[in-house]
Amino acid sequence: MALNASFAKKTFHFNFRARTSRGSMFERDSWFLKMAEEGREQPYGIGEAGPLPGLSVELDDQFEVELGRFVKLFNDAQFESEQFTGSDLAKNEQLLSKKLIDIRNYPSILFAFETALLDLIGGGKKVLFKNSFTSGGPIDINGLIWMSGLDMTLQQIEIKIQEGFNCIKLKVGGLDFEKECDILQYVRRKYFKKDISVRLDANGAFKSEEAMFKLHQLSRFDIHSIEQPIKPGMPELADFCKKSPIPIALDEELIGIHTLAKKKELLEKLRPNFIVLKPSLHGGLSGSQEWIDVAEAMGIGWWMTSALESNIGLNAIAQFTAQFTNPLHQGLGTGMIYEDNIESPLEVKDGKLGLKTGQNWGNIHFS
């Protein structure tokens, strides 16, 4: 029986002032893809397309039009669920791409189609993969410290450590640099008896001529890694990856690179210590799988993170992450940032993301 897709838009509202290097966010939109066999209401799979403002190259005033175009192409193709598999992501993507010709250029939409298919294959129970996470095993995550003033930043750090996080991630480049160093010095002095791993994310904020000096200054504080110290595409980045006293992780640098050959070319050229993957930005599940395969073959570490998706997207990313053996902390703790998030069994406890037993998922209402 042929599959049929439809979509609905939902706006989520932050329960705090979400300040980023690209400005403050008070709300964000997601589009939810529903997939079922034609003529049947149940079961159905659901996937989330949540392009991130300021980063997603696909997000413009035509995004919803493009999503509608892909939905029509999918429905016209008369796909059947038996054509897809829950284990071969590359095969699923290839089947989709034959009819949805340029869907690789729309990673959040590809992510929505991939995850809706996997959910449907699993019986519409929001179990995309059967692994340690869906069996109750939690995932170690970092505690994200949002950009804010000095006092608020210190308060957030205190709360995260009290909540049991032993890895925290701080944004740098948004405050005065000396104040940022003071924050890091405070963390190291106050929690010197605790094994706290500190990650930094510059979001490309450092100017090339000052970046190496700042990296050396920051290295005094025993930093695990720093994401994207300078803007993407800068010719100096390869040299920074080679000479930086702090291991460099790349994130924005990977956006817009969709072919396996280009992924290999980029990582061979830059040789970062780590890459940071967001399926909604970096090619959906299949594209992220490619990045992981290439990185691991080169001895490059990686971790997964969400792109402020709702609990639907976060659940899919967490389950996908658990398919791999990765000892690093993942960036998956954003489920509590919306006052009107979708009810879910996802739970952050003791610095880990897990699934609570006995709690059901809330519904997305489609018109």
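How many salt bridges does the count come to? In this predicted model, the count comes to 19 salt bridges.

**View 1. Strand 5, strand 6 and helix 4.** Strand 5 pairs with strand 6 (residues 167–171) in the parallel sense, over 3 bridges. I145 has L170 in strand 6 as its bridge partner.

View 2. Q156 is placed in helix 4. With a relative accessible area of 15%, which is under the 20% limit, Q156 is buried. When residues up to four places away in sequence are not counted, Q156 touches L144, I145, W146 and S148. One of these contacts, I145, is also the residue whose bridge partner is L170 in strand 6.

**View 3. The salt bridge between D140 and K352.** The closest N and O atoms of D140 and K352 are 2.4 Å apart in this salt bridge. D140 belongs to strand 4 (residues 139–140) and K352 to strand 13 (residues 352–355), so the pair ties together parts that lie 212 residues apart in sequence. D140 is partly exposed, at a relative accessible area of 31%, and K352 is partly exposed as well, at 30%.

**View 4. The salt bridge between K243 and D239.** In this pair the closest N and O atoms are 3.4 Å apart. Both residues lie in helix 7 (residues 237–243), where K243 and D239 are separated by 4 residues, about one turn of the helix. D239 has a relative accessibility of 37% and therefore counts as partly exposed.

**View 5. The salt bridge between D251 and K278.** Here the closest N and O atoms are 2.6 Å apart. The pair links distant parts of the chain, 27 residues apart: D251 sits in the loop between strand 9 (248–250) and helix 8 (260–270), whereas K278 sits in the loop between strand 10 (274–277) and helix 9 (284–297). Both D251 and K278 are buried.

View 6. Helix 8 has K263, L266, L267 and L270 as its buried residues. These residues cover an arc of only 90° around the axis and are therefore on the same side of helix 8. A261 and K269, on the other side of helix 8, are exposed. The cover over the buried residues of helix 8 includes helix 7, strand 9, strand 10 and helix 9. Just after helix 8, R271 adopts a positive phi of about 50°.

Terms used
Residues are numbered from 1 along each chain as its sequence is written. This is a predicted model: local features need pLDDT of at least 70, side-chain atom pairs count only at pLDDT 80 or more; totals for chains, interfaces and linings use all residues. Side-chain values use heavy atoms; hydrogens and water are left out. Two strands pair if DSSP finds at least two bridges between them. Helices (H or I, at least four residues) and strands (E, at least two) are DSSP runs, numbered from the N terminus. A salt bridge is a side-chain nitrogen of Lys or Arg within 4 Å of a carboxyl oxygen of Asp or Glu. Buried means under 20% relative accessible area, exposed over 50%, partly exposed in between (1.4 Å probe, protein chains only). Contact means heavy atoms within 4.5 Å. The arc is that of the directions from the helix axis to the C-beta atoms.
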